[in-house]
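Please find below my note on the model, written for reading with the structure open.

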Amino acid sequence: MSSTSDIPVAGTGPGNTAPDAAATFDEYEDRPVPASARKSLFAVSSVWLGFPMILTCAVFGGMIVYSLGFWPGMAAIAAGNLILMAYVGLLSYQAGRTGENFALMAARTFGAKGYRIPAAFLTTVVIGWFAFQTGLTGSTLEASMGWNATVIALIAGVGYVAATLLGIRALTVIGVIAAPLYLVLGVLAIVDASSAPGAGEFTSYAGGAGATALTFGAAVTLVVALFADSGTMTADFTRWSVNGKQAFLAAFSAFPVGNTIALTIGGIIVAMGAGDDPATNGGGFLGILIDNGGVLVPIAIAFVFINLGSVCTHCLYNGAVGWSELTGIKMRVLTVALGAVGVALAVAGIWQHFEDWLNLLGVVVPPLGAVLIVDQVLPRTKRAAPADSPVAWRATSFVAWGGGAVAALVTHYIAPVLCVVAVGILVSGVLAALLSRRSCVPAATAPAATEGVESATV
């Protein structure tokens with residue numbers, strides 16, 4: 001990946017070597033993150049690493065293995081994570097290079113006015129996921145502990161909103177706690193499950209779903225779709241990286257590393273025969289921990305809040321940063337407002353009715369990211385105008401996104417055995433490349449960038 005032009009970044013330059021006190025808690029929701037505010041590879045990696053290492057991934061990892069068997073399931077998990085590695089990694093590279101969040105990045109590709117459509121779409125979808133995971137916190141503890149799901153969802157939601165108010169720093173801390181906690185408790189659950197008769201033969205597990213089993217392509221799609229939304233909005237997190245290389249590595253910590261671990265633990269639980277109703281609960285291992293009693297019970301309860309809280313804070317942060325750029329309202333004000341809406345949806349129980357819709361929307365999101373990658377990251381098409389360009393709408397970008405989304409939806413309904421996400425990404429990427437040839441602005445006439453964060457070849 002080569003850089004032929006870079007983007008001006010506010011607050012950088014010889015005279016700016018350290019952030020002032022007022023900037024200490026600035027989230028830079030309306031402008032690129034300056035060089036003086038960038039964070040270490042460890043800090044940004046912690047933000048992403050803790051995101052996929054959640055109970056939800058254990059559930060779906062178990063479902064995949066239940067459908068395909070152990071080794072085919074592992075292959076589907078690996079394939080899905082390789083797609084995510086390339087997809088999220090390339091978007092992250094661009095974010096680290098420019099310091100721009102998702103909305104600012106979208107403005108380059110879809111136009112100074114056109115970007116509002118994809119930005120509003122994704123920032124609304126992630127608030128839906130915030131509501132869903134907040135409601136799931138309550139229902140999980142109701143099922144395992146008999147607690148009132150509504151009360152728990154309300155308490156959890158308020159806590160998640162409060163944590164998000166702290167910004168990117170809170171996401172880093174949550175990631176540092178959530179990832180190792182998931183790994184330790186997941187390993188403990190596997191050790192406990194290994195004592196069952198025949199558990200040692202888990203690699204020979206052939207699956208148990210029968211006629212209802214997922215196809216290999218559908219399983220790969222499921223892996224990618226789990227993080228299609230926030231993965232596309234990765235710039236909100238990885239814009240804090242020192243440069244594009246470190247941003248890519250930060251994304252790599254999640255895809256494939258963290259996500260593969262999370263899914264595999266769930267798959268092993270099912271293959272060992274320890275899954276409680278794997279057709280619906282997959283490889284969820286919370287029950288295994290609670291059944292052991294003792295000190296594991298309070299640890300398991302804390303684990304639910306920390307684990308699902310990791311997802312909720314990330315999604316709410318995505319939504320607040322995106323809507324801040326769209327409306328001009330401060331990110332923290334929107335955190336409270338959007339968080340209140342999400343918590344209300346969770347408490348009302350409405351979250352139970354839109355999981356399928358959110359998953360379906362996840363199918364049409366990756367084509368959007370593919371257009372961004374072709375337009376801004378691939379060397380041949382490095383000719384996008386800056387975000388303050390007079391170009392209000394770029395119709396070719398919408399055509400490419402729409403073409404990929406339609407291809408993905410058609411495949412979803414008529415050929416679900418295929419990897420729907422891969423079809424959407426391929427079609428939109430090809431369309432974006434072809435259309436860019438017809439509308440390409442020669443590099444010599446493109447508006448010049450005066451100063452960039454990174455000018456390198458990777």
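The numbered points that follow begin with the basis of the values.

1. This is a predicted model, in which local features need pLDDT of at least 70 and side-chain atom pairs count only at pLDDT 80 or more, whereas totals for chains, interfaces and linings use all residues. Residues are numbered from 1 along each chain as its sequence is written, and side-chain values use heavy atoms, with hydrogens and water left out.

2. The secondary structure comprises 19 helices and 0 strands, where helices (H or I, at least four residues) and strands (E, at least two) are DSSP runs numbered from the N terminus. Of the 458 residues, 55% count as buried; here buried means under 20% relative accessible area, exposed means over 50%, and partly exposed lies in between, with a 1.4 Å probe and protein chains only.

3. Among contacts (heavy atoms within 4.5 Å) between residues at least 6 apart in sequence, 86% join residues at least 24 apart. The protein exposes about 17300 Å², of which carbon and sulfur atoms supply 69%; these accessible areas come from the Shrake-Rupley method with a 1.4 Å probe, and for residues only the protein chains shown count as cover.

4. Two surface patches deserve a look, and the term needs its cut-offs: patches are made of residues with over 30% relative accessible area and no salt bridge, like charges being joined within 9 Å and nonpolar side chains (Val, Leu, Ile, Met, Phe, Trp, Tyr) within 5 Å. The nonpolar patch is formed by Leu41, Leu183, Val187, Val191, Leu249, Phe252, Val257 and Ile261, with about 580 Å² of accessible area together. Helices α7 (168-193) and α11 each supply at least two of its residues, and α11 gives the most, with 4 residues. Leucine 41 lies in helix α1 (residues 41-49) and counts as partly exposed at 30% relative accessibility.

5. A patch of negative charge gathers Asp192, Asp276, Asp277 and Asp291 on the surface; Lys and Arg count as positive and Asp and Glu as negative, while His and the chain ends are not counted. The place of a charge is taken as NZ of Lys, CZ of Arg, CG of Asp or CD of Glu. Aspartate 277 is found in the loop between α11 (244-271) and α12 (278-281), and is partly exposed, with a relative accessible area of 41%.

6. Most residues other than glycine have a negative phi, and most peptide bonds are trans. Aspartate 277, although not a glycine, has a positive phi of about 55°, and tyrosine 28, also not a glycine, has a positive phi of about 50°. Tyrosine 28 sits in the segment before α1 and counts as buried at 5% relative accessibility. A cis peptide bond, with omega about 25°, joins phenylalanine 255 and proline 256, and proline 256 is found in helix α11.

7. Which residues does glycine 231 touch, not counting residues up to four places away in sequence? They are Trp48, Tyr87, Val88 and Leu91. Glycine 231 lies in helix α9 (residues 228-232) and is buried, with a relative accessible area of 0%. Its C-alpha atom is separated by 9.7 Å from that of phenylalanine 255, 24 residues apart along the chain.

8. Threonine 335, in helix α15 (residues 331-348), is buried, with a relative accessible area of 0%. Leaving aside neighbours within four places in sequence, threonine 335 is in contact with Val161, Thr164, Leu165, Leu316 and Ala320.

9. Side chains of opposite charge can pair when their charged atoms come close. The whole structure holds 6 salt bridges, each a side-chain nitrogen of Lys or Arg within 4 Å of a carboxyl oxygen of Asp or Glu. Arginine 169 forms one with glutamate 27, the closest N and O atoms being 3.5 Å apart; this pair links helix α7 to the segment before α1, 142 residues apart. Arginine 169 is partly exposed at 26% relative accessibility, whereas glutamate 27 is buried at 1%. Glutamate 27 also forms a salt bridge with arginine 332, at 3.3 Å between the closest N and O atoms, and here the partners are 305 residues apart, with arginine 332 in helix α15.

10. Aspartate 375 and arginine 394 meet in a salt bridge (3.2 Å, N to O), and both residues are buried.
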